[in-house]
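Subject: Structure for you to look at

Dear colleague,

I am handing over the structure below, and I would be glad if you could look through it alongside my notes.

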Amino acid sequence: MKQKLCKLLAVLLAVGMVNMPVLPVHAAGSDIVEDVVQERILEECSAEEEGESVCLNAAADNGQFERITDDLTEEVLDEEVVLKESRILLKDKSKTYNGKRISIGLAKVTGSTGKVTYTYYTDKKCTSKTTTKTHGASSKGGAPANAGTYYVVAQVEADDSYAAAASNVAKLTINKAAQDIDVDNTSKTWKDSYVKSAARTFNIDAYATDGSISCEKVSGSSSLSISKSGKVKINKGTKAGSYTMKVRITAASTKNYKKATKTVKISVTVKKTETSSTNNGGGGSSNNGTVYWVAGGEVYHSTKGCRSLSRSRNIYSGSVSEAKSQGKTRPCKNCH
């Protein structure tokens with residue numbers, strides 16, 4: 001019986017049905033509970049009973065005292081324990097994409113010391129959670145990495161004194177980052193003999209952080225042009241000289257990067273090739289590494305007197321590497 005009274009006292013104190021005074025001895029607590037039980041016994045006592053003592057003695061004899069103690073305990077336990085209110089607040093946040101997951105920041109919690117969790121959504125009504133595939137989150141409802149607008153709710157769990165609570169809906173904005181464009185191979189030099197026979201091309205090397213590249217001529221020489229993919233062309237028969245044009249390079253916008261543009265200067269130099277005239281009887285062999293060629297064909301010759309050159313009026317000369325740069329890829333079978 002004493003153990004039941006102590007349990008009942010603890011429950012009564014927890015829900016505020018009794019106030020615990022400062023007691024000199026622990027036994028005083030049992031006295032408080034006995035008073036509560038006796039009040040209930042007297043309430044149930046029949047009007048025909050003769051006085052309080054008769055009711056209490058009868059209760060002791062028939063086990064009513066113990067039954068009422070159990071009833072009171074169950075009643076008190078059924079009472080809802082009212083916890084104090086907790087509050088949790090989130091602030092909006094804006095950051096630029098950096099390739100990493102970005103969180104909303106810590107919530108400000110007043111009240112409960114329970115665990116705080118954060119859930120990320122893609123809509124204001126907070127019905128669609130972030131995903132790993134689309135938003136770069138570590139798990140469904142987790143902090144995102146990809147650029148976009150997100151909505152976040154924080155929740156704090158209850159503790160012994162304070163109730164659980166949910167925060168306001170905060171907005172997390174991840175802005176697209178700027179992207180860089182790097183360009184190499186913007187100049188070229190050819191000899192006029194090489195350009196004379198056909199239009200010549202070369203590719204610039206353009207790279208962006210993320211987006212696809214496209215090129216467009218802005219201004220410059222009519223002898224030069226450029227394709228969308230970055231192939232520069234100089235027209236067939238362009239005379240010796242220096243030619244330039246300005247080209248706008250655009251990097252397309254992507255999921256996480258803004259559109260970017262950059263204007264560069266493309267330069268092409270056409271150098272005059274040294275020429276020499278020869279007659280049909282011209283002879284003489286090269287003894288200093290010089291080779292000879294004409295505008296057409298793919299061969300170079302070791303001597304101007306090669307019979308293959310007998311009908312040629314304009315013969316060009318230079319090193320083997322120069323000949324190859326003009327498209328002469330193999331030696332003549334007649335003079336080599």
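Predicted model: local features only at pLDDT ≥ 70, side-chain atom pairs only at ≥ 80, totals over all residues.

Residues are numbered from 1 along each chain as its sequence is written, and side-chain values use heavy atoms, with hydrogens and water left out.

The protein chain has 7 helices and 21 strands, these being DSSP runs numbered from the N terminus (helices are H or I with at least four residues, strands are E with at least two). Of its 336 residues, 36% count as buried, where buried means under 20% relative accessible area, exposed over 50%, and partly exposed in between (1.4 Å probe, protein chains only). Among contacts (heavy atoms within 4.5 Å) between residues at least 6 apart in sequence, 62% join residues at least 24 apart.

The largest pocket has a volume of about 170 Å³. Of the 10 residues that line this pocket, the closest to its centre are Asp192, Lys196, Lys272, Thr273 and Tyr316. A pocket here is an open set of points on a 1 Å grid over the protein atoms alone, where a 1.4 Å probe fits, with protein on both sides within 12 Å along at least five of seven lines, and lining residues have an atom within 4 Å of a point; the volume is the space filled by probe spheres set on the points, which are joined across faces, edges and corners.

Histidine 135 lies in helix α5 (residues 132-135) and is buried, with a relative accessible area of 15%. A polar atom of the histidine 135 side chain lies 3.0 Å from the backbone nitrogen of threonine 131. Leaving aside residues up to four places away in sequence, histidine 135 touches Thr122, Thr130, Pro144, Ala145, Asn146 and Tyr150.

Two backbone angles may also interest you. Most residues other than glycine have a negative phi. Cysteine 126, in the loop between β4 (116-121) and α5, has a positive phi of about 55 degrees although it is not a glycine, and cysteine 126 is buried, with a relative accessible area of 18%. Asparagine 185, in the loop between β8 (181-184) and β9 (187-191), has a positive phi of about 60 degrees, and asparagine 185 is partly exposed at 35% relative accessible area.

With best wishes

Definitions and conventions:
Polar contact = N/O pair within 3.5 Å; in protein donor to acceptor, adjacent residues only side chain to side chain.
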